[in-house]
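Have the model open beside you as you read.

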Amino acid sequence: MPLLREHDRMALSDLFAEKLTGPVKLVMYTQRQSPIWVPGMPACEFCEQTEQLVREVAELSDKLSVEVYDFVRDEAGARSQGIDKIPAIAVIGARDYGIRFYGIPSGYEFATLVEAIVDVSRGVTDLKPEVKEQLARLDRDVHIQVFATPTCPYCPRAVRTAHQMAVESDHIRADAVEITEFPQLASRYLVRGVPKVILNDSAAFEGAVSPEVFAAHVLRAAGIGQTA
């Protein structure tokens, strides 16, 4: 049974026809069913659905393509792309901007996948010039993790901003993490509410803040003084 409804497929097809300018590759890492149990590797509850969703989205434009890899068999490839959990989706355009989705991008988070595809296809975002100027000050790498849930109406704003920043700066890698699928991360990072943003494993803030404030947090995580 298709995950996307027909009217959604038509709307997305029209959107992609209008907005996409360059090719986008959706690279997914998943877990294939196997009779062999791998110690320390829990079953991936949403891998199958995530792959189906990715393939259905890619069918809507000739500028979209899909590559699917097994997380265990293709461990070296996953490691080279910084992917450490599944299901994982890397949204790659003319280059790899460092945009990642962990967990199925459903509910409110589906829109952020669509927006990331458009931004990566175009290679630019609609972030304000002053925010881009803030990001241009970065001289070291920042890894952004945005913890979200499909039912959180405020999470897409935080995810969207993080992904836009990854497009605009070579120093930023941005992950959207569906936290209910990764409870060990909820414990590790003390996630009590979403959206919660972790920067370089050392700084954190909560809530859907403005891009200007988000950028200020990013600069501080990079050791660059900036007032929010």
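## The enclosed cavity

Strand β6 gives the lining of the largest cavity its largest share, three residues. Helices (H or I, at least four residues) and strands (E, at least two) are DSSP runs, numbered from the N terminus. Please keep in mind that this is a predicted model, in which local features need pLDDT of at least 70 and side-chain atom pairs count only at pLDDT 80 or more, while totals for chains, interfaces and linings use all residues. Residues are numbered from 1 along each chain as its sequence is written, and side-chain values use heavy atoms, with hydrogens and water left out.

A cavity is a set of points, on a 1 Å grid over the protein atoms alone, where a 1.4 Å probe fits but cannot get out; lining residues have an atom within 4 Å of a point. Grid points are joined across faces, edges and corners, and a volume is the space filled by probe spheres set on the points. The structure holds one cavity of 30 Å³ or more, and the volume of the largest is about 60 Å³. Its lining is made up of F101, Y102, G103, I104, P105, E109, A148, A176, V177 and E178. By class, the lining splits into seven nonpolar, one polar and two charged residues. Here Ala, Val, Leu, Ile, Met, Phe, Trp, Tyr, Cys and Pro count as nonpolar, Asp, Glu, Lys and Arg as charged, and the others, Gly among them, as polar.

## The largest pocket

A pocket, in contrast to a cavity, is an open set with protein on both sides within 12 Å along at least five of seven lines. The largest pocket has a volume of about 480 Å³. Of the 21 residues that line this pocket, K85, I86, E181, F182 and Q184 lie nearest its centre. Helix α7 (183-188) and strand β5 each contribute at least two lining residues, and the largest share, four residues, belongs to α7. The pocket lining counts 12 nonpolar, three polar and six charged residues.

## A covered strand

Now look at β3 (residues 88-92), where five of five residues are buried (under 20% relative accessible area with a 1.4 Å probe, protein chains only; exposed is over 50%, partly exposed in between). A88, A90 and I92 point one way, and I89 and V91 the other.

Two strands pair if DSSP finds at least two bridges between them. β3 pairs with β1 (residues 24-30) in the antiparallel sense over five bridges, and with β4, again antiparallel, over four. A90 is the bridge partner of V27 and stands opposite R100 in β4. A hairpin of three residues joins β3 to β4.

## Two nonpolar cores

A nonpolar core is a set of buried Ala, Val, Leu, Ile, Met, Phe, Trp, Tyr and Cys residues joined through side-chain atoms within 4.5 Å. The largest has 53 residues, and V91, I117 and I144 have the most contacts inside it. Leaving aside residues up to four places away in sequence, I117 touches F16, L20, V24, L26, V57, L64 and V91 (contact means heavy atoms within 4.5 Å). A second, separate core has 21 residues, including A78, A88, V177 and Y189.

## Helix α8

Within α8 (residues 211-221), F214, A215, A216, H217, V218 and L219 are buried. Among the elements covering them are α5 (129-135), α6 (155-168) and β6. Just after α8, G223 takes a positive phi of about 85 degrees.
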